[in-house]
Amino acid sequence: MPELPEVETVCRGLAVRLEGRRLARVLARRKNLRFPLPKDFAGRLTGRTVRTVRRRAKYIVIELDDGAVLLAHLGMSGRMYAAPLGREAEKHDHVEFETDDGTLIVFNDARRFGMMDLIAPGHALEDHKLLRGLGPEPLGNEFSGPVLSAALAGKKTPIKAALLDQRVVAGLGNIYVSEALFRAGISPRRLAASVAGARAERLVPEIKNVLTESIAAGGSSLRDYVQADGELGFFQDGFRVYGRKGLPCPACARPVRQIVQSGRSTFFCGHCQG
DNA sequence: CGCGCTCCCTGGCCGC
DNA sequence: TGCGGCCAGGGAGCGC
(Lines give C-alpha, C1' and ligand atoms only; values in the text may rest on other atoms or scores of the structure.)
Protein backbone atom coordinates (compact mmCIF):
# COMPACT_ATOMS: atom_id res chain seq x y z
CA MET A 1 0.00 0.00 0.00
CA PRO A 2 1.42 2.92 1.36
CA GLU A 3 4.46 4.46 -0.11
CA LEU A 4 5.98 7.74 0.98
CA PRO A 5 3.08 10.05 -0.02
CA GLU A 6 0.49 7.88 1.73
CA VAL A 7 2.56 7.58 4.90
CA GLU A 8 3.25 11.31 4.84
CA THR A 9 -0.46 12.04 4.52
CA VAL A 10 -1.32 9.70 7.39
CA CYS A 11 1.39 11.28 9.56
CA ARG A 12 0.05 14.77 8.96
CA GLY A 13 -3.43 13.64 9.92
CA LEU A 14 -2.18 11.85 13.00
CA ALA A 15 -0.10 14.86 14.06
CA VAL A 16 -3.20 17.05 14.23
CA ARG A 17 -5.00 14.51 16.39
CA LEU A 18 -2.19 13.24 18.58
CA GLU A 19 0.41 15.92 19.18
CA GLY A 20 0.11 17.28 22.70
CA ARG A 21 -2.50 14.67 23.60
CA ARG A 22 -2.16 12.13 26.36
CA LEU A 23 -2.79 8.47 25.50
CA ALA A 24 -5.52 7.65 27.99
CA ARG A 25 -6.07 4.09 26.78
CA VAL A 26 -4.08 1.75 24.56
CA LEU A 27 -5.48 -1.61 23.53
CA ALA A 28 -3.43 -4.24 21.70
CA ARG A 29 -6.08 -6.62 20.51
CA ARG A 30 -3.76 -8.66 18.33
CA LYS A 31 -0.16 -8.88 19.46
CA ASN A 32 1.36 -10.62 16.47
CA LEU A 33 1.57 -8.27 13.54
CA ARG A 34 4.49 -8.82 11.19
CA PHE A 35 6.59 -9.04 14.33
CA PRO A 36 5.31 -9.59 17.85
CA LEU A 37 4.53 -6.37 19.68
CA PRO A 38 7.14 -5.57 22.33
CA LYS A 39 6.51 -6.69 25.87
CA ASP A 40 4.10 -4.51 27.84
CA PHE A 41 3.30 -2.50 24.70
CA ALA A 42 0.10 -0.96 26.04
CA GLY A 43 1.53 -0.38 29.49
CA ARG A 44 4.54 1.49 28.20
CA LEU A 45 2.33 3.81 26.13
CA THR A 46 -0.61 4.43 28.43
CA GLY A 47 -0.43 7.79 30.18
CA ARG A 48 2.30 9.13 27.89
CA THR A 49 1.83 12.38 26.00
CA VAL A 50 2.63 12.51 22.29
CA ARG A 51 5.29 15.06 21.51
CA THR A 52 5.52 14.78 17.72
CA VAL A 53 4.38 12.62 14.82
CA ARG A 54 6.64 12.48 11.80
CA ARG A 55 7.72 10.22 8.95
CA ARG A 56 11.03 8.54 8.10
CA ALA A 57 10.99 6.56 4.85
CA LYS A 58 7.71 4.61 5.09
CA TYR A 59 7.77 4.54 8.88
CA ILE A 60 5.50 6.54 11.16
CA VAL A 61 7.53 7.92 14.04
CA ILE A 62 5.61 8.97 17.16
CA GLU A 63 7.78 10.56 19.81
CA LEU A 64 6.54 10.50 23.40
CA ASP A 65 7.16 12.80 26.35
CA ASP A 66 9.46 10.32 28.09
CA GLY A 67 11.72 10.17 25.04
CA ALA A 68 10.45 6.78 23.88
CA VAL A 69 9.40 6.38 20.27
CA LEU A 70 6.48 4.42 18.85
CA LEU A 71 7.48 3.16 15.42
CA ALA A 72 4.81 1.96 13.00
CA HIS A 73 4.88 0.60 9.46
CA LEU A 74 1.71 0.04 7.44
CA GLY A 75 3.06 -2.76 5.26
CA MET A 76 0.80 -3.39 2.28
CA SER A 77 -2.65 -3.08 3.77
CA GLY A 78 -2.22 -1.17 7.01
CA ARG A 79 -4.32 1.87 7.90
CA MET A 80 -4.22 4.29 10.80
CA TYR A 81 -7.22 6.51 11.11
CA ALA A 82 -9.57 8.21 13.52
CA ALA A 83 -12.81 6.40 14.27
CA PRO A 84 -15.82 7.30 16.41
CA LEU A 85 -15.34 6.52 20.06
CA GLY A 86 -17.36 3.53 21.18
CA ARG A 87 -17.85 2.15 17.69
CA GLU A 88 -18.03 -1.57 17.10
CA ALA A 89 -14.52 -2.89 16.41
CA GLU A 90 -14.03 -3.99 12.82
CA LYS A 91 -12.25 -7.02 11.49
CA HIS A 92 -8.46 -6.56 11.58
CA ASP A 93 -8.58 -3.69 14.07
CA HIS A 94 -5.38 -4.73 15.85
CA VAL A 95 -4.44 -1.76 18.02
CA GLU A 96 -6.41 1.19 19.40
CA PHE A 97 -5.21 4.46 20.91
CA GLU A 98 -7.61 6.70 22.77
CA THR A 99 -6.53 10.22 23.69
CA ASP A 100 -7.50 12.36 26.66
CA ASP A 101 -9.72 14.47 24.40
CA GLY A 102 -11.73 11.49 23.21
CA THR A 103 -10.09 10.75 19.88
CA LEU A 104 -9.82 7.12 18.86
CA ILE A 105 -7.00 6.12 16.52
CA VAL A 106 -7.23 2.63 15.04
CA PHE A 107 -4.46 0.54 13.50
CA ASN A 108 -6.17 -1.86 11.08
CA ASP A 109 -4.22 -4.23 8.87
CA ALA A 110 -5.80 -7.16 7.04
CA ARG A 111 -2.61 -8.73 5.77
CA ARG A 112 -0.56 -8.02 8.87
CA PHE A 113 2.54 -7.07 6.94
CA GLY A 114 2.56 -3.95 9.07
CA MET A 115 4.43 -3.67 12.34
CA MET A 116 4.79 -1.61 15.48
CA ASP A 117 7.69 -1.34 17.85
CA LEU A 118 8.78 0.77 20.79
CA ILE A 119 12.19 2.37 21.02
CA ALA A 120 13.23 2.93 24.61
CA PRO A 121 14.22 6.43 25.76
CA GLY A 122 17.80 7.30 24.96
CA HIS A 123 18.05 5.07 21.91
CA ALA A 124 18.60 6.79 18.58
CA LEU A 125 15.89 6.23 16.01
CA GLU A 126 18.36 5.59 13.21
CA ASP A 127 20.02 2.83 15.24
CA HIS A 128 16.86 0.75 15.14
CA LYS A 129 17.37 -2.50 13.29
CA LEU A 130 14.81 -1.61 10.64
CA LEU A 131 15.95 1.98 10.08
CA ARG A 132 19.66 1.44 10.10
CA GLY A 133 21.03 1.70 6.58
CA LEU A 134 18.08 3.57 5.10
CA GLY A 135 19.03 5.91 2.29
CA PRO A 136 18.24 9.62 2.07
CA GLU A 137 14.75 11.09 2.11
CA PRO A 138 13.86 11.77 -1.52
CA LEU A 139 12.20 15.08 -0.68
CA GLY A 140 15.13 16.33 1.36
CA ASN A 141 17.73 18.75 0.02
CA GLU A 142 20.36 16.11 0.58
CA PHE A 143 18.82 13.95 -2.17
CA SER A 144 20.44 15.20 -5.37
CA GLY A 145 21.73 13.98 -8.70
CA PRO A 146 25.26 13.38 -7.40
CA VAL A 147 23.97 11.57 -4.32
CA LEU A 148 21.78 9.28 -6.41
CA SER A 149 24.61 8.75 -8.89
CA ALA A 150 26.91 7.66 -6.12
CA ALA A 151 24.33 5.22 -4.77
CA LEU A 152 23.77 3.70 -8.22
CA ALA A 153 27.40 3.48 -9.26
CA GLY A 154 28.46 -0.11 -9.84
CA LYS A 155 24.96 -1.50 -9.29
CA LYS A 156 24.20 -4.36 -11.63
CA THR A 157 20.44 -4.46 -11.05
CA PRO A 158 17.86 -2.80 -13.28
CA ILE A 159 17.11 0.76 -12.18
CA LYS A 160 13.59 -0.34 -11.19
CA ALA A 161 14.97 -2.71 -8.57
CA ALA A 162 17.58 -0.21 -7.39
CA LEU A 163 14.97 2.46 -6.70
CA LEU A 164 12.90 -0.01 -4.68
CA ASP A 165 15.98 -0.65 -2.53
CA GLN A 166 15.40 1.54 0.54
CA ARG A 167 19.17 1.87 1.04
CA VAL A 168 19.44 3.80 -2.22
CA VAL A 169 16.59 6.18 -1.50
CA ALA A 170 14.03 5.71 1.26
CA GLY A 171 10.31 5.80 0.65
CA LEU A 172 9.68 4.86 -2.96
CA GLY A 173 7.58 1.80 -3.73
CA ASN A 174 6.28 -0.02 -6.75
CA ILE A 175 3.90 2.69 -7.95
CA TYR A 176 6.08 5.76 -7.69
CA VAL A 177 9.12 4.07 -9.15
CA SER A 178 7.19 3.31 -12.34
CA GLU A 179 5.80 6.84 -12.41
CA ALA A 180 9.13 8.57 -11.79
CA LEU A 181 10.95 6.51 -14.43
CA PHE A 182 8.25 7.32 -16.96
CA ARG A 183 8.47 11.04 -16.23
CA ALA A 184 12.25 10.94 -16.56
CA GLY A 185 12.10 8.94 -19.81
CA ILE A 186 14.26 6.15 -18.40
CA SER A 187 13.61 2.48 -19.10
CA PRO A 188 12.95 0.44 -15.94
CA ARG A 189 15.19 -2.25 -17.45
CA ARG A 190 18.21 0.02 -17.81
CA LEU A 191 21.17 -1.04 -15.70
CA ALA A 192 21.24 1.08 -12.54
CA ALA A 193 24.91 1.96 -13.00
CA SER A 194 24.13 3.48 -16.41
CA VAL A 195 21.66 5.90 -14.83
CA ALA A 196 24.39 7.50 -12.74
CA GLY A 197 25.28 10.85 -14.32
CA ALA A 198 23.01 12.91 -16.56
CA ARG A 199 20.08 10.52 -16.22
CA ALA A 200 20.28 10.69 -12.45
CA GLU A 201 20.16 14.49 -12.69
CA ARG A 202 16.97 14.13 -14.71
CA LEU A 203 15.47 11.47 -12.47
CA VAL A 204 15.86 13.17 -9.10
CA PRO A 205 13.55 16.13 -9.84
CA GLU A 206 10.97 13.76 -11.32
CA ILE A 207 11.01 11.65 -8.16
CA LYS A 208 10.48 14.78 -6.11
CA ASN A 209 7.73 16.01 -8.42
CA VAL A 210 5.66 12.86 -8.41
CA LEU A 211 5.91 12.48 -4.63
CA THR A 212 5.03 16.12 -4.02
CA GLU A 213 2.06 15.99 -6.37
CA SER A 214 0.77 12.84 -4.73
CA ILE A 215 1.06 14.29 -1.23
CA ALA A 216 -0.92 17.30 -2.43
CA ALA A 217 -3.63 14.88 -3.61
CA GLY A 218 -3.72 13.04 -0.28
CA GLY A 219 -1.88 10.01 -1.68
CA SER A 220 -3.24 7.20 -3.86
CA SER A 221 -6.11 4.96 -2.80
CA LEU A 222 -6.09 1.68 -4.70
CA ARG A 223 -7.41 -0.84 -2.21
CA ASP A 224 -6.88 -0.32 1.44
CA TYR A 225 -5.34 3.07 1.87
CA VAL A 226 -7.20 5.86 3.61
CA GLN A 227 -5.98 9.10 5.16
CA ALA A 228 -6.05 9.57 8.92
CA ASP A 229 -9.50 11.15 8.64
CA GLY A 230 -10.78 8.13 6.70
CA GLU A 231 -10.95 10.04 3.42
CA LEU A 232 -9.56 8.52 0.24
CA GLY A 233 -6.57 9.95 -1.59
CA PHE A 234 -7.02 10.67 -5.27
CA PHE A 235 -3.57 10.68 -6.86
CA GLN A 236 -4.40 7.35 -8.55
CA ASP A 237 -6.23 9.53 -11.08
CA GLY A 238 -2.86 11.10 -11.86
CA PHE A 239 -1.02 7.87 -12.68
CA ARG A 240 0.51 8.04 -16.14
CA VAL A 241 1.57 4.39 -16.47
CA TYR A 242 0.96 2.49 -13.23
CA GLY A 243 -1.95 0.06 -13.64
CA ARG A 244 -2.53 1.26 -17.20
CA LYS A 245 -1.41 -1.75 -19.22
CA GLY A 246 -2.64 -1.46 -22.81
CA LEU A 247 -3.92 2.08 -22.37
CA PRO A 248 -2.31 4.83 -24.45
CA CYS A 249 0.90 6.40 -23.21
CA PRO A 250 0.04 9.99 -22.29
CA ALA A 251 2.99 11.21 -24.35
CA CYS A 252 2.98 9.09 -27.53
CA ALA A 253 -0.30 7.12 -27.35
CA ARG A 254 1.40 3.77 -27.83
CA PRO A 255 0.09 1.15 -25.40
CA VAL A 256 1.61 1.08 -21.92
CA ARG A 257 3.44 -2.18 -21.25
CA GLN A 258 3.52 -4.30 -18.13
CA ILE A 259 6.45 -6.55 -17.24
CA VAL A 260 7.55 -8.35 -14.09
CA GLN A 261 10.85 -7.38 -12.48
CA SER A 262 12.11 -9.05 -9.32
CA GLY A 263 8.67 -10.51 -8.87
CA ARG A 264 6.71 -7.28 -9.11
CA SER A 265 4.82 -5.49 -11.86
CA THR A 266 6.46 -2.64 -13.71
CA PHE A 267 4.55 -0.35 -16.07
CA PHE A 268 6.30 1.72 -18.74
CA CYS A 269 6.21 3.03 -22.28
CA GLY A 270 8.62 1.13 -24.52
CA HIS A 271 8.86 4.10 -26.86
CA CYS A 272 9.29 7.06 -24.50
CA GLN A 273 11.55 5.35 -22.00
CA GLY A 274 14.93 4.59 -23.51
C1' DC B 1 28.59 -8.29 -0.04
C1' DG B 2 25.23 -8.13 -3.86
C1' DC B 3 21.51 -9.98 -6.08
C1' DG B 4 17.11 -12.59 -6.99
C1' DC B 5 13.56 -15.29 -5.17
C1' DT B 6 10.28 -16.86 -1.73
C1' DC B 7 7.46 -16.09 1.72
C1' DC B 8 4.68 -13.79 5.42
C1' DC B 9 -1.15 -12.90 5.28
C1' DT B 10 -5.84 -11.77 3.75
C1' DG B 11 -9.09 -10.33 0.45
C1' DG B 12 -10.85 -9.01 -4.07
C1' DC B 13 -11.51 -10.19 -8.64
C1' DC B 14 -11.82 -13.18 -12.67
C1' DG B 15 -13.03 -17.26 -15.02
C1' DC B 16 -15.23 -21.56 -14.91
C1' DT C 1 -23.20 -18.51 -5.73
C1' DG C 2 -19.20 -21.28 -5.17
C1' DC C 3 -14.49 -22.40 -5.79
C1' DG C 4 -9.71 -22.20 -7.45
C1' DG C 5 -6.17 -19.38 -9.13
C1' DC C 6 -4.00 -15.15 -9.40
C1' DC C 7 -2.78 -10.69 -7.94
C1' DA C 8 -1.85 -6.81 -4.64
C1' DG C 9 1.12 -0.65 -2.49
C1' DG C 10 6.55 -4.04 1.58
C1' DG C 11 10.48 -6.01 2.95
C1' DA C 12 13.07 -9.69 5.85
C1' DG C 13 15.62 -13.63 5.12
C1' DC C 14 17.66 -17.11 2.55
C1' DG C 15 20.63 -19.32 -0.88
C1' DC C 16 23.84 -18.68 -4.40
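A: In this predicted model, the C-alpha centres of domain 1 and domain 2 are 28 Å apart. The domain assignment of chain A places domain 1 at residues 4-127 and domain 2 at residues 145-268. Between them, 19 residues of domain 1 are in contact with 20 residues of domain 2.

The surroundings of DNA strand B draw on residues from several stretches of the chain. Of the atoms of DNA strand B that come within 4 Å of the protein, 66% belong to sugar and phosphate. Sorted by class, the protein surface near DNA strand B comprises five charged, three polar and two nonpolar residues.

For Ala 110, a polar backbone atom is 3.5 Å from a sugar or linking oxygen of DNA strand B. For Arg 111, a polar side-chain atom lies 3.0 Å from a base oxygen of DNA strand B. For Arg 112, an N or O atom of the side chain is 2.7 Å from a phosphate oxygen of DNA strand B.

The sheets may be taken next, starting with the one that contains strand 7. Strand 7 covers residues 104-109 and runs antiparallel to strand 5, with six bridges joining the two. Within this pairing, Gly 78 has Asp 109 of strand 7 as its bridge partner. Both strands belong to an open sheet of four strands, ordered 1-6-7-5 and paired in antiparallel fashion. Its edges are strand 1 (23-28) and strand 5 (78-83), each of which pairs on one side only. On average, neighbouring strands of this sheet are turned by 15° against each other, direction ignored. Strands of a sheet pair through backbone hydrogen bonds, in either a parallel or an antiparallel manner.

A further open sheet of four strands has the order 2-3-4-8, again with antiparallel pairing. Strand 2 (50-56) and strand 8 (115-119) are the edge strands here, and each pairs on one side only. Neighbouring strands of this sheet are turned by 20° against each other on average, direction ignored. Inside the sheet, strand 3 (residues 59-64) and strand 4 (residues 69-73) run antiparallel and are joined by five bridges. Val 61 has Leu 71 in strand 4 as its bridge partner. Helix 1 (residues 4-18) lies across strand 2 and strand 3, and its direction is at about 175° to strand 2.

Strand 9 and strand 10 (residues 264-268) run antiparallel and are joined by five bridges. In that pairing, the partner of Val 260 is Ser 265 of strand 10.

Phe 234 is located in the loop between helix 6 (198-216) and strand 9 (257-261). Apart from neighbours within four places in sequence, Phe 234 is in contact with Ala 217 and Gly 219. Ile 215 is 19 residues away from Phe 234 along the chain, and their C-alpha atoms are separated by 9.7 Å.

Definitions and conventions
Residues numbered from 1 in each chain as written. Chains lettered and ligands numbered in written order. Predicted model: local features only at pLDDT ≥ 70, side-chain atom pairs only at ≥ 80, totals over all residues. Heavy atoms only, no water. Contact = heavy atoms within 4.5 Å. Near = heavy atom within 4 Å. Polar contact = N/O pair within 3.5 Å; in protein donor to acceptor, adjacent residues only side chain to side chain. Nonpolar A, V, L, I, M, F, W, Y, C, P; charged D, E, K, R; others polar. Pairing = 2+ DSSP bridges. Axes fitted to C-alpha atoms, helices over the stretch in contact; angles between N-to-C directions. Domains from an automatic or database assignment.
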